[in-house]
Amino acid sequence: MASFDYEDAPANSAAPASSQSHEVLGYDPNFVPDSVKSFAVHLYRHIREKNVYEIHQMYETSFQTLSERLFKDTPWPSVDAVAHYVDNDHVFCLLYREMWFRHLYARLSPTLKQRIDSWDNYCSLFQVVLHGVVNMQLPNQWLWDMVDEFVYQFQSFCQYRAKMKNKTDQEIALLREYDQAWNVYGVLNYLQALVEKSMIIQILEQEKEGLEQFTANDGYDYDGGSNVLKVLGYFSMVGLLRVHCLLGDYHTGLKCLLPIDISQQGVYTSVIGSHITAIYHYGFANLMLRRYVEAIREFNKILLYIYKTKQYHQKSPQYEQILKKNEQMYALLAICLSLCPQVKLVDETVNSQLREKYGEKMIRMQRYDDEAFAIYDELFSYACPKFITPSAPSFEEPLVNYNQDAYRLQLKLFLYEVKQQQLLSGVRTFLKVYSTISLGKLANYMEVDEPTLRTILMTYKHKTHAVDGDGKITSNADVDFYIDDDTIHVMESKPAKRYGDYFLRQVVKLEGVINDLDRIKLD
């Protein structure tokens, strides 16, 4: 039901409307069909009884079915119309409105007032979770969708607000009046508050010492407590990574994700949307910080996982988004491998898919001519997050659109980095051929003088090393070297062999053979 990064809907916001009114012909916000009454009553009962299985079924299946059948191009009935069927329960009404707005964003174009009302609803909902007594168990899918949608609506609002050219006087007046709505500090503060109040970082630390069962229980509380704050805090770390990536602050984003060990299965892998969002942004941030090996490793793992499991998600409302993110990550992997040719890190299945999609382009990208830069530009533009400018617009005339500014800046920085790599492709080609070569000879081959060659070799060292998350300098180079006197000694880096993976594969094969033998009935 949630988005990952779906396209921003065109703004349809001529008149300020209340959150429940909508200029859809024939739509009556106060009319509640029997099936919706039944849905609300049953969902309310299951939430009160903490029946997570039933809540999940209603949330994932019933809500989708009703939306498809009755509300394909209209909003759901207003919360006021539904409230008296659920004892006017304050928390349930906040949850209902959260779904109401999410459906509105997915199917229609929210007005400016509706965007503001949705912000107010999130504030109220998170305030209850942070400061109230929440005695509920909700499915991980729903809790992830809340965080995901919260960040998406923030991104959507920033994009919408940055298109100032065609704004009406009424809209400008509303933007001035509600200048705190979807404020970047407010968004970051709520996500950070959920992380801190949930004590999730401490819980994950204690789990390493065997004192907690958070991951083993998939975040659920089987002692009759609530999972809501803890799991929202957990997913907020992924939300913070995404927000910081949208702002172009990759260091801070990765720091926010540090408590989650992404080399292991975790609660974030229990929801496909959360798994993909975490790895997509983690990989992208590492790409922008020149940690290509780390990006390649994680993109390879998630692309292999999607390849093996996507058939199970065909009926999921997120299926299209899974496919879109899959394609974007192949484009990012193509960029990483062009800048850092470490194909040994990529599984054969992923590599054959990559060659099919981008084989030709990757060969052209190695040339570092104008055509190559155009391909880098194209792949980056297709696969990057939708960057945002979080600051409020200038309301002075003339009003201008600045929604593309952040994207253009990140693209410029990326292409500047690619241009710097241009010198290195020639050096790499020669280093791959020789085990030792004199500086004079290599300078001759490259048609440069020796001081220039030394500069190029220093640049190569700099560009093929990056500072990892622990502050250590690591090499991304498939070919490395050192200089002794005037001789270059070349070393080809060999990836560490993973014997464990090899044995596991052999064990699985052996089990398959034993199963086949068991099926054979001997006379």
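## Aromatic pairs and one cluster

Trp 119, Tyr 122, Phe 126, Phe 150, Trp 182 and Tyr 190 make up one aromatic cluster in this predicted model. For pairing, ring centres of Phe, Tyr and Trp (its six-membered ring) have to lie within 6.5 Å; planes under 30 degrees apart are called stacked, over 60 edge-to-face, and the rest tilted. Under that rule there are 27 aromatic pairs. One of them is Phe 284 with Phe 380, a tilted pair at 5.8 Å centre to centre with 40° between the planes. Helices (H or I, at least four residues) and strands (E, at least two) are DSSP runs, numbered from the N terminus. Both Phe 284 and Phe 380 are buried, where buried means under 20% relative accessible area, exposed over 50%, and partly exposed in between (1.4 Å probe, protein chains only).

A word on bookkeeping: residues are numbered from 1 along each chain as its sequence is written, and side-chain values use heavy atoms, with hydrogens and water left out. Since the model is predicted, local features need pLDDT of at least 70 and side-chain atom pairs count only at pLDDT 80 or more, while totals for chains, interfaces and linings use all residues.

## Helix 5

Helix 5 (residues 112-131) has 20 residues, which at 1.5 Å a residue should span 28 Å, and its end C-alpha atoms are 28 Å apart, so the two agree. The expected span here is 1.5 Å times one less than the number of residues. Helix 5 is also mostly covered, with 16 of its 20 residues buried.

## Salt bridges

Take a side-chain nitrogen of Lys or Arg within 4 Å of a carboxyl oxygen of Asp or Glu as a salt bridge, and the count comes to 21. Glu 378 and Lys 361 form one, with their closest N and O atoms 2.5 Å apart. This pair, too, links distant parts of the chain: Glu 378 is in helix 16 (residues 370-383) and Lys 361 in helix 15 (residues 348-365), 17 residues apart. Glu 378 counts as partly exposed because its relative accessibility is 39%, and Lys 361 is also classed as partly exposed, at 22%.

Arg 364 bridges to Glu 371, the closest N and O atoms being 2.7 Å apart. Arg 364 is partly exposed at 23% relative accessible area, as is Glu 371 at 36%. Those two belong to a network of salt bridges linking Glu 360, Arg 364, Arg 367 and Glu 371. Elsewhere, the side chains of Lys 230 and Asp 221 meet at 3.9 Å, N to O. Lys 230, at 21% relative accessibility, counts as partly exposed, whereas Asp 221, at 17%, counts as buried.

## The second largest cavity

Searching the whole structure turns up 2 cavities of 30 Å³ or more. A cavity is a set of points on a 1 Å grid over the protein atoms alone where a 1.4 Å probe fits but cannot get out, and lining residues have an atom within 4 Å of a point. Grid points are joined across faces, edges and corners, and volume is the space filled by probe spheres set on the points.

The second largest cavity has a volume of about 30 Å³. Its lining is made of Leu 303, Ile 306, Tyr 307, Lys 310, Asn 326, Tyr 330 and Gln 353. Helix 13 (292-309) and helix 14 (319-339) are the elements giving two or more residues to that lining, and helix 13 supplies the largest share, 3 residues. By class there are 4 nonpolar, 2 polar and 1 charged residues; Ala, Val, Leu, Ile, Met, Phe, Trp, Tyr, Cys and Pro count as nonpolar, Asp, Glu, Lys and Arg as charged, and the others, Gly among them, as polar.

## Positive phi in two loops

Most residues other than glycine have a negative phi. Asn 88 has a positive one, near 50°, and lies in the loop between helix 3 (79-83) and helix 4 (90-107). Asn 88 is exposed, with a relative accessible area of 52%. Asp 485 has a positive phi too, near 55°. Its place is the loop between strand 4 (479-484) and strand 5 (487-492), and Asp 485 is exposed at 68%.

Notes: On a 1 Å grid over the protein atoms alone, a cavity is a set of points where a 1.4 Å probe fits but cannot get out, and a pocket is an open set with protein on both sides within 12 Å along at least five of seven lines; lining residues have an atom within 4 Å of a point.
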